[in-house]
Amino acid sequence: MSTRSPVQVQAGAGVRELTFAQAVREALAEEMRRDPSVFVIGEDVGEAGHPFKVLAGLIDEFGPERVVDTPISEAGITGIAVGAAMTGLRPVVDIMFGDFLTLAMDQLVNQAAKIHYMSGGKLRVPLVVHTTLGATRRSAAQHSQSLHAWFSHVPGLKVALPATPRDAKGLLKAAIRDDSPVVVFEDKMTYQLRGPVPEGEFVIPLGVAEVKREGTDVTVVATSSMVAVALATADLLEAEGISLEVVDPRTTVPLDRETLVASAAKTGRVIVVDEGCRSYGVTAELASVIAEEAFYHLDAPVRRLGAMDVPVPFSPVLEDLTVPTPETVAAAARELLGKA
Amino acid sequence: MTVGGRLSLEAEAADLSREEALRMFEGMVRIRLFEQRVNQLYQSAKMPGLAHLYIGQEAVAVGVCEALRPDDYITSTHRGHGHCLAKGARVDRMFAELLGKADGYCRGKGGSMHIADPDGGNLGANAIVGGSAGIATGAALSAKRRGTGQVAVCFFGEGALGQGVLYEVMNMASLWSLPVIYVCENNLYNEYTHYRETTAGEVLDRPLAFGIPAVSVDGQDVRAVLVAARAAVARARRGEGPSFLECLTYRYLGHHVGDVDRSYYRSREEEEEWKTHRDPLATLAGWAVAQGLATQEDFDRVREAVEAEVEAGLRSALEAPYPDPSEVDQHVYA
């Protein structure tokens with residue numbers, strides 16, 4: 001199966017409908033069965049199975065030695081996982097909300113990311129950090145941020161952003177098998193969404209983008225939570241005779257520049273959409289890659305849509321203003337085509 | 001259930017065989033002579049950057065590592081040369097790393113503050129104060145899970161007592177009975193500030209609050225350090241969990257090689273007192289001679305042999321090649 005082709009998973013042939021959360025759990029369980037060095041560590045990962053129930057039932061199969069409930073100590077948990085990863089285990093650290101990564105920054109940025117390099121390649125840190133991003137859950141400013149750009153900025157870390165149940169399974173399995181530290185961000189709003197997921201051995205290599213929908217007029221490069229927004233925009237605009245191509249990088253590090261640039265060259269017009277804050281964020285990097293490498297194919301400047309540069313507000317009336325929506329993406333597409 | 005209290009020791013200081021006494025003296029004099037050369041390299045502008053010298057604290061690294069197996073783990077600090085050498089690192093490759101050469105332990109990518117030698121159990125020095133507390137505790141968790149009988153030693157200075165992550169991992173180490181030994185080298189100064197100005201209460205009350213047995217020992221007496229380290233290692237190998245050693249010690253030189261004028265934070269009289277009356281090398285040699293285990297000539301011979309080793313190591317490191325420019329983006333990802 002070409003991972004660069006549009007999603008055309010057929011029913012049957014080992015493909016079922018699963019929720020995003022079920023796909024994550026299946027990936028973890030399969031990897032823990034395959035490799036006894038894999039274990040999960042985090043707050044309320046055991047009997048509680050994570051507040052979003054993403055890990056429910058894992059402890060029943062693997063026990064408390066491999067599904068390790070911890071105190072509320074993000075720095076300590078992550079540091080312990082780094083040490084365990086350096087000495088023969090493959091920890092998956094669950095950080096309940098991406099916002100709490102701030103508490104583990106030294107362990108990730110100064111320790112995990114640099115140990116392989118600083119040791120001249122002798123030490124390895126096969127660590128996965130499993131966490132969330134995304135607003136609109138009415139959780140206010142400390143449970144709603146999308147901080148993946150921060151980690152994409154640190155050499156030595158890889159960053160995965162699954163947008164569908166299928167990608168959630170395939171990318172998490174690849175992350176667990178990777179010998180470098182990988183931070184996997186999942187949109188907390190998608191855990192109950194359903195989609196086709198292949199059974200058993202299904203690994204999506206890190207660094208391979210996917211064209212989620214083929215189109216001809218405008219490329220929308222969308223990440224994580226914004227992939228669904230982009231696909232909804234494509235449906236919306238189809239009725240107006242506008243054809244969007246939706247490209248999901250799936251990992252910001254490594255970045256599949258080739259697929260992004262090829263789509264930009266094909267359509268000549270590009271919008272980049274990401275739920276991180278717009279300034280100094282993922283959209284800036286992706287837009288500049290496209291501007292640098294596809295410049296002579298572009299008919300218009302690359303447009304960027306990100307979250308507003310404000311702390312995420314609580315009131316739904318305000319919060320909904322802060323993130324891109326199918327309507328705002330559609331408006332940008334019409335502008336690019338001179339149909340505004 | 002562990003109940004925190006004084007870590008029980010068999011004696012105040014270890015009885016040693018002649019071989020043990022000479023071996024530990026050799027370990028300490030290797031650190032001393034290596035670092036004297038490092039200081040000269042800095043002063044003669046042959047070494048890039050800075051180094052934080054361990055001179056004066058040799059008994060801590062050597063006494064603790066004497067109690068370890070070759071496959072046991074250590075993590076170290078910005079003042080880490082002593083730990084690395086005591087755990088078995090070679091002086092030539094240490095010098096090479098400090099000079100940024102390709103023969104260095106980290107191919108010149110780590111430098112003084114990041115020497116790692118996983119083959120010798122050294123998981124790396126760390127330039128973040130308290131930064132390796134998690135790593136050592138995680139290595140202990142890994143050893144326990146894998147059932148290898150290994151222990152992990154986390155060396156840190158008393159400055160790390162100000163870092164929250166230390167308490168997070170001590171809490172988990174105690175809850176889960178992990179085979180880790182927290183070795184607090186209290187050299188009295190957090191960089192340029194006396195630790196009494198930065199540390200509320202008593203040091204040992206902190207591990208005791210987590211139910212971790214703790215003891216404070218004379219870090220200038222390698223025999224006292226060894227007794228405490230053996231007790232902590234034995235406890236860890238029995239599966240009974242972590243211990244905490246506070247080793248009272250003193251760095252003879254500055255916070256780093258460039259810290260020459262120290263009069264604003266400590267007196268010359270204080271420095272002279274430690275150097276003259278509490279030197280770890282002289283203390284061990286004096287004891288062994290008084291016991292009739294060895295003669296001063298025996299110790300002089302050890303010193304001469306190490307001197308030759310250090311000189312040869314430095315020569316080879318000075319002549320060693322720098323890394324090829326193509327290595328700059330190697331080892332970013334495994």
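A residue counts as buried if 20 or more other C-beta atoms lie within 10 Å of its own, as exposed if 12 or fewer do, and as partly exposed in between. Please keep in mind that this is a predicted model.

**Exercise 1. Find out whether A:Ala140 is buried, exposed or partly exposed, and say where it lies.**

Step 1. Locate the residue: A:Ala140 sits in the loop between strand 5 (128–133) and helix 5 (148–152) of chain A.
Step 2. Count its neighbours: there are 14 C-beta neighbours inside 10 Å, so A:Ala140 counts as partly exposed.
Step 3. Look at the backbone: A:Ala140 has a phi near 70°, a positive value in a residue other than glycine. Most residues other than glycine have a negative phi.

**Exercise 2. Describe the surroundings of B:His78.**

Step 1. Start with its place: B:His78 belongs to the loop between strand 1 (73–75) and helix 3 (81–86) of chain B.
Step 2. B:His78 has 20 C-beta neighbours inside 10 Å and therefore counts as buried.
Step 3. Setting aside neighbours within four places in sequence, B:His78 is in contact with B:His52, B:Met113, B:Ala125 and B:Ala127.
Step 4. Now compare sequence with space: B:His78 and B:Val129 are 51 residues apart in sequence, and their C-alpha atoms are 7.6 Å apart.

**Exercise 3. Work out which side of helix 11 of chain A its buried residues lie on: the same side or opposite sides?**

Step 1. List the buried residues of helix 11 (residues 326–336) of chain A: A:Val329, A:Ala330, A:Ala332, A:Ala333 and A:Leu336.
Step 2. These residues cover an arc of only 160° around the axis, so they are on the same side of helix 11 of chain A.
Step 3. See what they pack against: the partners in chain A are strand 10 (218–222), helix 7 (225–238), strand 11 (244–248), strand 13 (270–277) and strand 14 (303–307).
Step 4. Follow the chain onward: just after helix 11 of chain A, A:Gly338 has a positive phi of about 70°.

**Exercise 4. Find how helix 3 and helix 4 of chain A are arranged.**

Step 1. Helix 3 and helix 4 of chain A pack at an angle of about 10°, and their axes are 9 Å apart.
Step 2. Angles under 35 degrees count as roughly parallel, and helix 3 and helix 4 of chain A are therefore roughly parallel to each other.
Step 3. Among the residues making this contact are A:Val82 and A:Met86 of helix 3 and A:Leu108 and A:Ile115 of helix 4.
Step 4. Sorted by class, the contact of helix 3 with helix 4 of chain A has six nonpolar, four polar and one charged residues.

**Exercise 5. Say which peptide bond is cis at A:Pro254, and where A:Pro254 lies.**

Step 1. The cis peptide bond joins A:Val253 and A:Pro254, with omega about -5°.
Step 2. A:Pro254 is in the loop between strand 12 (251–253) and helix 8 (257–267) of chain A.
Step 3. For background, most peptide bonds are trans.

Note on methods:
Residues numbered from 1 in each chain as written. Chains lettered and ligands numbered in written order. Predicted model: local features only at pLDDT ≥ 70, side-chain atom pairs only at ≥ 80, totals over all residues. Helix = DSSP H or I, 4+ residues; strand = E, 2+ residues; numbered from the N terminus. Arc of directions from axis to C-beta. Contact = placed C-beta atoms within 7 Å. Axes fitted to C-alpha atoms, helices over the stretch in contact; angles between N-to-C directions. Parallel < 35°, antiparallel > 145°, perpendicular 65-115°, else oblique. Nonpolar A, V, L, I, M, F, W, Y, C, P; charged D, E, K, R; others polar.
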